[in-house]
Amino acid sequence: MFDVGRFVANSCSGMTRRSFLRVGASVPLALGMSNLATVASAAENRRAKSVLFIFLWGAPSHLDMCDPKPDAPAEYRSPFAVIPTRTAGVHFTELLPQLAQRSHLYTLVRSHVTTAPGHPDAGTVALTGFEETPKPVKPNFGSIVAKHRGRRGSLPPFMSIAKGVVMDGARRIEGYGGGTLGSPYDPFMVGCSELGEAEIPALKLLDGLVPNRIQDRRILLNQLDNVPRALQSRGFEDWSRTYQTAYGLLMDPKARSAFDLTRETRKTRATYGQSVFGQSALLARRLMEAEVPYIQLNFSRHVEAITPGFEFGWDTHIYNFDLLQDLLCPIFDRAFAALLDDLNERGLLKDNLVVCMGEFGRTPKINNRASRDHWPACYFSMWAGAGIEPGRVIGQSDRLGEHPLTDPISPKMVGTTITELGGIDTQVRAEMNVLEGGRVIEGLI
Amino acid sequence: MRRRRQRSEFGKNQPTVELRPRSDLRIGFLCLVFVLALGTVTLAGEPRRLTNDGRRKRTPVFVNSEELVYVDLEKPELTTLKRMKLSNLSVRSLHAKTNAQEFEPAFSPDGRFCVFLKAIGTLSVTLVIRDERENKDVLLPPGGGFCGFRNPSFSPDGKRVIYSYAENNLQDLYSVNTQAMDRRQLTRKSGMNYWPSFSPDGKRILFGSTRDGNYEIYTMNPKGQDVRRLTDSPFQDLRPRFSPDGKRIAFTSNRDGNFEVYLMEENGSSLRRVTNHPERDDYPTWHPGGKQLVIVSERDGSHDLYLVPVE
């Protein structure tokens with residue numbers, strides 16, 4: 001089910017709420033109309049119908065997960081045992097047993113570097129390929145794909161799964177959206193609870209309005225009769241594109257069903273685990289099946305691991321080993337393994353792309369608080385689908401996991417590779433004025 | 001678990017540890033798992049499920065023989081302490097009006113004091129000693145910057161709190177009195193030290209440590225001397241707890257491929273596995289009667305409390 005919740009925006013200068021909704025459902029969406037020409041030429045080189053970018057926001061520790069260094073000195077070495085993966089000669093720590101068993105489904109990259117040491121800037125670099133400054137901020141990879149593909153049907157071309165824009169403390173990450181391409185290419189936000197209830201923040205209008213109560217238009221319109229009169233007190237022009245998109249979703253049963261996790265079997269939902277990330281991963285799979293061109297699945301909205309009011313992210317300056325052991329890795333290992341299995345069994349890895357990574361790594365040397373701090377000089381990613389040969393490792397870090405020994409792979413190269421697989425080649429990128437100077441990750445595709 | 005030598009990516013033929021894939025498990029073992037619907041092999045009797053919400057839970061502890069407190073991931077951004085009556089399984093919040101993460105509770109033997117951890121800022125966690133009789137909190141504030149305490153518990157006389165704290169690149173064990181004063185350092189060893197708790201007679205402290213390279217279980221005397229290692233596994237041995245009579249220790253280990261609850265004698269002998277399920281069993285705590293454990297079991301991706309008889 002998905003819950004549209006409470007909605008505070010207003011509408012309708014001289015327009016009834018019902019007629020507004022009709023408009024909302026029928027307005028030609030500018031986003032799609034402006035790109036029909038581009039859409040037509042996009043498909044030829046495309047290897048990924050959908051891109052799923054799993055953002056491990058907060059930065060997971062490479063040494064404690066996918067790039068263990070058991071021969072390192074004690075002040076560096078992870079306390080977790082090393083286990084073999086299904087790929088000969090490649091090892092993970094014991095924190096990722098299920099992903100270790102599925103290494104034949106993805107390719108691991110161990111030689112990432114980024115330029116920014118702090119979350120806000122590194123988050124922007126991870127999502128756009130460029131630093132926040134100089135302004136203006138460059139577009140999210142998803143925004144590039146969204147502009148290129150345009151909209152087909154009611155589902156937005158770029159969706160981000162979290163209960164809002166990803167944040168570092170009270171600061172949102174500037175690279176979350178359209179950047180120089182403009183706000184029309186911002187992601188459409190959708191949240192998901194640990195019980196699989198999708199929530200669209202833009203539709204916080206009607207208390208208790210859930211899909212099983214809006215199975216037909218009449219019920220929805222009856223619901224609207226209960227909307228406070230305040231809805232009519234402000235101009236229709238205040239309605240943003242986001243709300244139009246959201247209502248378009250509501251009115252399209254096919255689009256709506258993409259959010260309805262109750263259509264999955266209990267077994268499938270259980271396999272992903274009762275966690276926000278687990279059920280969000282299942283939602284992402286449904287959005288991929290619905291051919292949403294770009295989905296950004298955020299492990300958490302906030303980076304902070306233990307901070308009042310914030311979800312548990314990967315920023316483990318304290319309790320690194322405890323949080324990895326007891327909370328973060330069990331959730332991640334279960335859900336990502338379930339997702340890979342599910343995509344593989346459904347044949348969705350053939351022509352869709354999955355990329356999983358954080359914004360940087362964590363200090364190889366254990367810090368003053370027996371944890372790990374930020375480390376932009378080396379980290380990992382995982383790539384599956386879209387014709388990428390799985391079961392490989394690309395790139396190598398040094399004996400302490402401090403620096404790549406091989407060609408350093410930058411976020412811009414990540415974005416270039418993603419867009420290339422999404423059918424946006426060098427010429428198109430140049431025409432769009434995005435990812436200037438980018439090159440694909442050698443050996444990956 | 002199998003040890004094997006294979007060509008390693010680390011440049012030499014070093015031993016690695018292989019988690020057995022499920023397909024390698026013996027048919028008999030699979031049948032056993034299948035037959036036991038709840039998946040928990042008990043040494044006596046059947047487990048009793050205590051919660052049904054499936055939310056992630058941690059660190060159950062008994063306040064007395066009728067009530068226990070546990071950590072509940074109530075919202076994605078909030079862990080709270082819940083108090084449950086075993087007689088009717090009713091649950092209420094231990095502390096009303098909390099909007100910050102609270103976790104790792106423990107109670108003095110007489111129930112007068114409760115100690116727990118509370119997030120008070122960005123990656124900043126304080127230790128709270130709550131005097132229920134006087135309705136008064138004493139806080140042990142963390143150091144500056146990102147900092148926090150871990151794993152508090154009481155001495156058998158209820159006069160001291162022992163806990164884990166990281167500074168100067170180490171994570172050592174300390175104790176303070178119930179006024180959070182008179183800090184004493186109990187360990188001075190490399191690695192990280194966790195989960196300290198006294199034996200019921202107060203003569204030994206049980207704890208976990210990575211001092212030998214990975215998570216193992218040890219005991220020492222109350223002055224931090226006479227350290228004895230009780231476990232030796234290449235995997236994780238976690239969260240040890242003395243039985244009420246002090247003769248046995250329950251703990252969690254993934255030595256057989258995933259996280260299960262084990263028992264051993266106080267000296268580390270007579271190791272026995274209590275649970276056996278492909279999903280995680282963890283956080284064992286003894287019922288004061290000494291014949292049951294409460295554990296957190298993951299089943300179908302959900303986490304609930306179970307009361308498991310053990311003889």
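Me: What makes β3(B) and β26(B) count as paired strands?

Reply: In this predicted model, 2 bridges join β3(B) to β26(B), residues 302-309, and because a pair needs at least two bridges, the two strands qualify as partners, which run antiparallel. Within this pairing, Arg48(B) stands opposite Leu307(B).

Me: Why are β3 and β24 of chain B said to stand at the edges of the sheet?

Reply: The open sheet has 4 strands in the order β3-β26-β25-β24 of chain B, with antiparallel pairing. There β3 (48-49) and β24 (281-286) each have a single partner strand, so one side of each is left without a neighbour in the sheet.

Me: Why is Asn140(A) called buried?

Reply: Asn140(A), in the loop between α5 and α6 of chain A, has 0% relative accessibility, and because buried means under 20%, the residue falls in that class.

Me: How do you know that Asn140(A) and Gln296(A) form a polar contact?

Reply: Their side chains are joined at 3.1 Å, and since the cut-off for such a pair of N or O atoms is within 3.5 Å, the value meets the distance limit. The side chain of Asn140(A) also reaches the backbone oxygen of Gly175(A), at 3.3 Å.

Conventions. Residues are numbered from 1 along each chain as its sequence is written. Chains are lettered from A and ligands numbered from 1 in the order in which they are written. This is a predicted model: local features need pLDDT of at least 70, side-chain atom pairs count only at pLDDT 80 or more; totals for chains, interfaces and linings use all residues. Side-chain values use heavy atoms; hydrogens and water are left out. Buried means under 20% relative accessible area, exposed over 50%, partly exposed in between (1.4 Å probe, protein chains only). A polar contact is a pair of N or O atoms within 3.5 Å; within protein, one must be able to donate a hydrogen and the other to accept it, and residues adjacent in sequence count only if both atoms are side-chain atoms.
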